[in-house]
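I keep these notes for someone opening this structure for the first time. I put down each item in the order in which I looked it up.

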Amino acid sequence: MIKALLSLMVPCGSVLILSACQPDIPETIQQGMVYCSEGSPESFNPQRVTSGTTIDAISQQLYDRLLDIDPASGELLPALATQWRLSDDGKTYWFTLRPDVQFHHTAFFSPSRTLNAKDVTFTFNRITQTDHPYHATGGAVYPYFQSVDWGSLVKAVVAENSNTVRFELSRPDSSFLSNLATDFAAILSAEYAEQLLQQNQPELLDQRPIGTGPFFFKEYKKNQFIRYYRHPEYWRGKVELTQLVFDLVPDNAKRMAKLLTHECDVVAYPRNAELKLIAERPDVEVQSQISMNVGFWAFNTQKPPFDNVLVRKALAYAINKDAILDAVYFGYADKAKTLLPPTSWAFYHDLPEQQYDPIKAQELLAQAGYPKGFSMDIWAMPVQRLYNPNALKMAELMQADLAKIGVKASIVSFEWNSFRRKLSEFEHDSVLIGWAADNADPDNFFRPLLSCSAAESGSNRANWCDPNFDNLINQALLTADIKQRRSFYLTAQLYLDEQMPLVSIAHSKRFQAKSVKITGVTINPYGGISMAAARKSL
Amino acid sequence: MMLHYFLRRTFLIAFVFVALTVLAFSLSYLFPGEVLNNVSGLTSIDPEQQQALIQYYALDQSVIMQYLGYVHRILAGEWGLSFSSQQPVLAEIIAVFPATLELASYALILSFVLGIPLGLFAAVKADSFFGKLISGITLVAYSIPIFWWALLLIMLFSLTLGLLPTAGRINVLFDIPTTTGFMLPDIWLSDIPYKSEATQDALRHLLLPAIVLATYPTTVMIRFTRDSMLAVLEQSYIKTARAKGLSRAQVLYHHGLRNALLPVIRQIGLQFSTLITLAMITEVIFSWPGIGQWLLDSIYQRNYPAIQGGLLVVSCLVIVVNMLTEILHTLFNPLARKA
């Protein structure tokens, strides 16, 4: 009995050297990789989401974009578009598409043609044309595009011939190309969409995806895993991994345990507290990357008392950021002065730093008419994100800070998807959340987070709509001159400092822990992770 | 006689089901939020949809009519939509329930295989060192909190020794098509070329959760078998049998064991609800994708239609198993039929 049990636990003598004793195991398993992710995807279409968890899981694995961003320099590179040009008035763009790009061939769809201009027009017309058969499918929600006001910017997307697409804009926009290179601007298959329309199941477009990316979709079990297989005809060349599985493990401790037992090859978001400990192990490697992100505390500026700028400033003075940086980020982050990280070219270096000053905070509260303080909710997101590795702990620290100025804060948390839904319905008083940039353009911080159109689409967590601010960030886009743009963004940062719709807390580094057997999984400073170049040594 | 007994049982079970559905039905009204959302499971309802839905769910009629409609929908398999996924609750339950049943039944089998012989041994050799050792270990295992025990095992076998996985039903790289929802039968029914590796891997995943979940029922089984065996051995018919010259083994098997196991059968039914509760805890610790984990997620998500459906299924299962063991007990024990 004991012998049988032992042989069960230790096949061929050692479990640690799995590959050595499993000659019969097919390649799809030996050359498969398990990426342990921190949450479930909300959709399989990047157009429909903004959550980093979902983008990590779907965007770079299943799809390609017209343009890519060079992770080192932030410059734009050709992807599905081999070249592009701009008209003299800055309002028309032409893109030439790459020939012979194959779509995924799966159990539910067999493409009859390669990528052409129809796929591109389908992808973007779905977002803007309200009478498009797919526009309303799933509720007409395109949060990223709505937050950058895409609908009013892009007048028409036209296929000039089978491999040229023309974008007509209503005004010049210097962030337009950057937006096309974000993970959200993935190119879908028009042929697949047509097939689904005929089958009368249009909603499957966002649930059973078809793209041109390095992997194709096999199966998704809710809250358990997502299974992808290698796309054999990927245009960038051979993908080494035969199979890619996203194991969904929301619990941080469990994710770490699975890394140590080799159930996970790569682990997203290891806990900062454990980084030192796991880095000492010979079989595990910790990678880090400076990342464009910001963790902040946003006030619901439409709700009293947060509609009063004095109250918002008072709360900002009451928070001890240094203590938060130590306890929550373990020193693996820079203190934030403003929304933009210091690595951005538009960062305002001379902006005065927000001080921790409870006495000043109390004075401001008294001026605002709350000498005795008030009670409020702090919503703390339930998952670990790069920009905020432990929102609950942060909320507890802030609770104590706020108590010193007489503000009674209660901490609120829900499951992640419900949390985000309730946030976009603005049920909160204030929320601890953040933002990771999708491209190198500073506009990617201001517009999706604080513009009026973002308030409408629900991604503006401060529910803050200020025409002055919108005017500044719109002006900045009308010119391609970097010096002029910079001066607009500096003014915008100053204005934010005065209005304080949110308190920026930290810019964190991004970490990931992986088995030493895996190579080629690098963290992208802009947006989602890519597994296309990953390989596993046995 | 037997027929009469079954009729009585059936009547009782019907009554319990009515009580259960009344409870589940009333939850839609007791949960926060709009009743219409809670019954239908739709998170957003258009104003033009609303009137049609109110009529469909009979919300404009008396409570009795609403209840009858609810029972009708439950029987027709229409359990509403889950708030979080907007998929039918019943389909989700069917997807997760087999995992729980699988785990619970392996644990139950394990507790039989270990519990009954050990209990017998502890009774027959009550005064020996091993008899006392079994009783002692049983007491410790009975008192140990299951989540702590599970973590200890994970620490030892997974993290320190690296022998067993910590979570899930099978290595996620094994692509096993779902046919029954039970992992081992699914592997055997599939046409994958690596069946034996997959089976081995599934068993390795099963081992720790099954041991953890089996701990409590095994101790109960040992204690009951032991106590009931000790009581039976005191009976005069045992002494008579021995005096008549039957061997010790014969007496134990024919006269002792059969009589001693009767109360044990009844215990299975009574312990089953505890087993399901413990299964939920085990599922959460080992990320076992069963109904326990699903139900806890639903509670965390305030997913009322799912909570309602999950509770109904779990409580029905407990009642059905209770009834079955009771009937089994009666079949084996003529004395109970008269009562």
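Entry 1: I started with Tyr269(A), which I found in the loop between S11 and helix H10 (275-279) of chain A. The model is a predicted one, and in it Tyr269(A) has a positive phi of about 50° although it is not a glycine. I noted this down because most residues other than glycine have a negative phi. Is Tyr269(A) buried or exposed? I counted 23 other C-beta atoms within 10 Å, and since 20 or more are enough for the label, Tyr269(A) is buried.

I then turned to His262(A), whose phi is near 65°, again a positive value in a residue other than glycine. With 17 C-beta neighbours inside 10 Å, His262(A) counts as partly exposed, whereas Tyr269(A) is buried.

I also looked up the peptide bond that joins Pro304(A) and Pro305(A), which is cis, with omega about 0°. Pro305(A) lies in the loop between strand S13 (293-299) and helix H11 (309-318) of chain A.

**Entry 2: a hairpin.** Next I followed S8(A) and S9(A), which form a hairpin with 3 residues between them. In the turn I found Asn223(A), which has a positive phi of about 60°. S8(A) and strand S9 (residues 225-230) of chain A run antiparallel and are joined by 6 bridges. Which residue of S9(A) is the bridge partner of Phe215(A)? I found that the partner is Arg230(A).

Entry 3: I then traced an open sheet of 4 strands in chain A, where the order is S4-S5-S7-S6 and the pairing is antiparallel. Strand S4 (81-86) and strand S6 (154-161) of chain A stand at the edges and have a single partner strand each, so one side of each is left without a neighbour in the sheet. From one strand to the next, the twist averages 20°. Within this sheet I checked strand S5 (residues 92-97) and strand S7 (residues 164-169) of chain A, which run antiparallel and are joined by 5 bridges.

**Entry 4: domains.** How is chain A divided by the domain assignment? I read domain 1 as 1-63 + 213-289 + 511-538, domain 2 as 64-191 and domain 3 as 293-508. The centres of domain 1 and domain 2 of chain A, taken over C-alpha atoms, are separated by 29 Å. Between these two domains, 20 residues of domain 1 of chain A are in contact with 21 residues of domain 2 of chain A. On the domain 1 side, the elements that give two or more residues are helix H3 (52-62) and strand S8 (215-221) of chain A, and the largest share, 3 residues, comes from H3(A). By class, I listed this side of domain 1 as 9 nonpolar, 9 polar and 2 charged residues.

**Entry 5: chain A as a whole.** Stepping back, I noted that the secondary structure of chain A comes to 19 helices and 20 strands. The radius of gyration of chain A is 24 Å, close to the 24 Å that the globule rule gives for 538 residues, so chain A is as compact as a globular protein of that length. The C-alpha trace of chain A spans about 75 × 70 × 40 Å along its principal axes. Of the 538 residues in chain A, 50% are buried. Among contacts in chain A between residues at least 6 apart in sequence, 71% join residues at least 24 apart.

**Entry 6: the contact between the chains.** Last, I looked up where the chains touch, and the contact takes 31 residues from chain A and 27 residues from chain B. The elements of chain B that give two or more residues to its side are helix H7 (146-160), helix H9 (195-234) and helix H12 (291-300), and H9(B) supplies the largest share, 5 residues. I recorded the residues of this side of chain B as 14 nonpolar, 8 polar and 5 charged.

Technical notes
Residues are numbered from 1 along each chain as its sequence is written. Chains are lettered from A and ligands numbered from 1 in the order in which they are written. This is a predicted model: local features need pLDDT of at least 70, side-chain atom pairs count only at pLDDT 80 or more; totals for chains, interfaces and linings use all residues. Two residues are in contact if their C-beta atoms, placed from the backbone, lie within 7 Å. Ala, Val, Leu, Ile, Met, Phe, Trp, Tyr, Cys and Pro count as nonpolar, Asp, Glu, Lys and Arg as charged, and the others, Gly among them, as polar. Two strands pair if DSSP finds at least two bridges between them. Axes are lines fitted to C-alpha atoms, for helices over the stretch in contact, and angles run from 0 to 180 degrees between N-to-C directions. The radius of gyration is taken over C-alpha atoms; the globule rule is 2.2 Å times the number of residues to the power 0.38. A residue is buried if 20 or more other C-beta atoms lie within 10 Å of its own, exposed if 12 or fewer, and partly exposed in between; C-beta atoms are placed from the backbone. Domain bounds come from an automatic or database domain assignment.
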